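This report describes the strand pairing and selected side-chain contacts of one model.

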Amino acid sequence: MAMPAQQLNHPSPQGDKAPSRPPFFVSLFNPLARRLLRGGLPMGPNALLTVRGRTSGQDRTTPVAVVSIDGRRWVIATFGDTNWARNLRAAGRATVTINRRAEPVGARELSTTEAETFYRDTLTPFVSGIPLGLGRFMLGSLLGAAEMFTDPHAAAAHHPVFELRPSTSNGSPVDAAPQAG
């Protein structure tokens with residue numbers, strides 16, 4: 001049986017505070033994005049993340065950006081410790097759906113130190129390589145997460161990062177993933 005991500009790594013940096021709330025436009029965009037992604041329409045790095053609710057026990061599906069670099073994958077809670085991040089932390093596993101293909105995954109939340117290294121050494125060079133500065137514009141200006149590039153330490157404290165690994169049918173990870181960085 002897979003151990004919840006919180007037990008494997010660390011408690012939420014925010015403690016037991018209420019979850020963060022994304023900007024208003026996210027509640028307008030997400031239903032449309034869910035429909036398009038369920039239909040198999042490619043939307044850049046976006047995928048559907050389905051996680052069991054930590055209190056309801058019901059599956060919850062939300063669009064997220066999956067960062068894929070050198071065969072490793074991560075999801076970032078761009079808007080802070082939102083409900084999907086809290087659910088993923090509690091469940092330690094989820095289903096990622098890309099182009100109508102669902103894949104069970106194990107999720108490991110990066111420690112604050114690992115997340116800082118991820119933001120500085122992995123995400124920033126990756127996003128900087130996106131043509132025309134669109135990556136920095138999307139994350140920094142449109143989504144309000146510029147600290148991921150300008151202050152990796154603060155980003156690590158406010159934006160949880162989860163590494164996703166393929167799972168077996170019983171939900172346990174296929175293999176142990178190497179540390180970020």
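## Hairpins

E2 and E3 form a hairpin with 2 residues between the strands, and Asp70 in the turn has a positive phi of about 50 degrees. Strands, like helices, are DSSP runs numbered from the N terminus (strands E, at least two residues; helices H or I, at least four). E2 and E3 run antiparallel and are joined by 4 bridges; two strands count as paired if DSSP finds at least two bridges between them. Ser68 has Arg73 in E3 as its bridge partner.

The hairpin of E1 and E2 has 6 residues between the strands, and Gly57 there takes a positive phi near 80 degrees. E1 and E2 are also antiparallel, with 7 bridges joining them. Arg52 stands opposite Asp59 in E2.

## Model and conventions

The model is predicted: local features need pLDDT of at least 70, side-chain atom pairs count only at pLDDT 80 or more, and totals for chains, interfaces and linings use all residues. Residues are numbered from 1 along each chain as its sequence is written, and side-chain values use heavy atoms, with hydrogens and water left out.

Strand E3 (residues 72-76) is joined to strand E6 (residues 161-166) by 4 bridges, and the two run antiparallel. Ile76 has Val161 in E6 as its bridge partner.

Glu163 lies in strand E6. Is this residue buried or exposed? Glu163 counts as buried because its relative accessibility is 2%; the cut-offs are under 20% relative accessible area for buried, over 50% for exposed and partly exposed in between (1.4 Å probe, protein chains only). The side chain of Glu163 makes a polar contact with that of Arg72, at 2.9 Å. A polar contact is a pair of N or O atoms within 3.5 Å; within protein, one must be able to donate a hydrogen and the other to accept it, and residues adjacent in sequence count only if both atoms are side-chain atoms.

Ser167 sits in the segment after E6. Ser167 is buried, with a relative accessible area of 13%. A polar atom of the Ser167 side chain lies 2.8 Å from the backbone nitrogen of Gly106.
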